[in-house]
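Here are some exercises to work through with the structure open beside you. Try each task on your own before you read the solution.

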Amino acid sequence: MEIDGARITKAEEEVGGKRYVAALLELPNACILLVSEGRLAMGTLALAVPAALPGRPGITSMGVLGERHALLARMLAERLAGLRGKIALVSLRATGSEAEVGPGALAVLKKVLEAGDGHEP
């Protein structure tokens with residue numbers, strides 16, 4: 001769905017018997033991604049900014065709020081910022097260890113990007 005230049009995409013993926021849901025709001029200069037286990041809800045927040053100029057250090061990221069899965073949220077934000085070349089704000093809410101949640105979160109990120117673009121990232 002597109003609203004005033006902003007595109008909203010939703011995707012679901014089941015991994016390891018758990019259902020992951022993602023919603024991506026893509027703006028001209030930024031992306032906001034919500035990833036949740038079960039139903040959409042706010043979770044740990046991470047922010048990533050892509051490299052501004054060639055030859056400068058890579059993507060910069062930081063945890064903004066929350067502790068659970070903070071490293072995984074940062075990784076998703078960095079991946080999204082790198083793929084889109086835009087600021088990325090990511091919320092991740094799930095139960096289990098990062099090793100358990102990681103595959104599901106990455107799978108639903110891939111699926112929501114494919115749904116928005118019509119092709120694999």
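**Exercise 1. Find where His69 lies in this predicted model, and decide whether it is buried or exposed.**

Step 1: Check the accessibility. The cut-off for buried is under 20% relative accessible area. His69 has 6% relative accessibility, so it counts as buried.

Step 2: Now turn to the backbone. Most residues other than glycine have a negative phi. His69 is not a glycine, yet its phi is positive, about 60 degrees.

**Exercise 2. Work out where Asp4 is placed and whether it is buried or exposed.**

Step 1: Asp4 sits in the loop between strand S1 (2-3) and strand S2 (6-15).

Step 2: Its phi is near 50 degrees, a positive value in a residue other than glycine.

Step 3: The cut-off for exposed is over 50%. Because Asp4 has 80% relative accessibility, it counts as exposed.

**Exercise 3. Look at Ser91 and list what it touches beyond residues up to four places away in sequence.**

Step 1: Locate Ser91 in strand S7.

Step 2: Ser91 has 1% relative accessibility and therefore counts as buried.

Step 3: Leaving out residues up to four places away in sequence, Ser91 touches Leu33, Leu34, Val35, Ala41, Met42, Gly43, Thr44 and Leu45.

**Exercise 4. Find the largest nonpolar core and say which elements give two or more residues to it.**

Step 1: In soluble globular proteins, nonpolar side chains tend to be buried together.

Step 2: The largest nonpolar core here has 25 residues, and Leu33, Leu80, Leu92 and Val112 have the most contacts inside it. Two or more residues come from each of S3, S4, strand S5 (44-49), helix H1 (70-84), S7 and helix H2 (98-117).

Step 3: Zoom in on Leu80. Not counting residues up to four places away in sequence, its contacts include Leu24, Cys31, Leu33, Val90 and Leu109.

**Exercise 5. Examine helix H2: how far does it reach, and which of its residues are buried?**

Step 1: H2 has 20 residues. From first C-alpha to last it reaches 28 Å, close to the 28 Å expected at 1.5 Å a residue.

Step 2: Its buried residues are Val101, Gly102, Gly104, Ala105, Val108, Leu109, Val112, Leu113 and Gly116.

Step 3: To read that list, recall that an α-helix has 3.6 residues a turn, so residues three or four places apart point the same way.

Step 4: What covers the buried residues of H2 includes S2, S3, S4, H1 and S7.

**Exercise 6. Decide whether Pro50 is buried or exposed, and find what it is in contact with.**

Step 1: Pro50 lies in the loop between S5 and S6.

Step 2: Its relative accessible area is 19%, so Pro50 is buried; the cut-off is under 20%.

Step 3: Leaving aside neighbours within four places in sequence, Pro50 is in contact with Ile59, Ala81, Gly85, Lys86 and Ile87.

How values were computed:
Residues numbered from 1 in each chain as written. Predicted model: local features only at pLDDT ≥ 70, side-chain atom pairs only at ≥ 80, totals over all residues. Heavy atoms only, no water. Core = buried A, V, L, I, M, F, W, Y, C linked by side-chain atoms within 4.5 Å. Buried < 20%, exposed > 50% of the residue type's maximum accessible area, 1.4 Å probe, protein only. Helix = DSSP H or I, 4+ residues; strand = E, 2+ residues; numbered from the N terminus. Contact = heavy atoms within 4.5 Å. Expected span 1.5 Å × (residues − 1).
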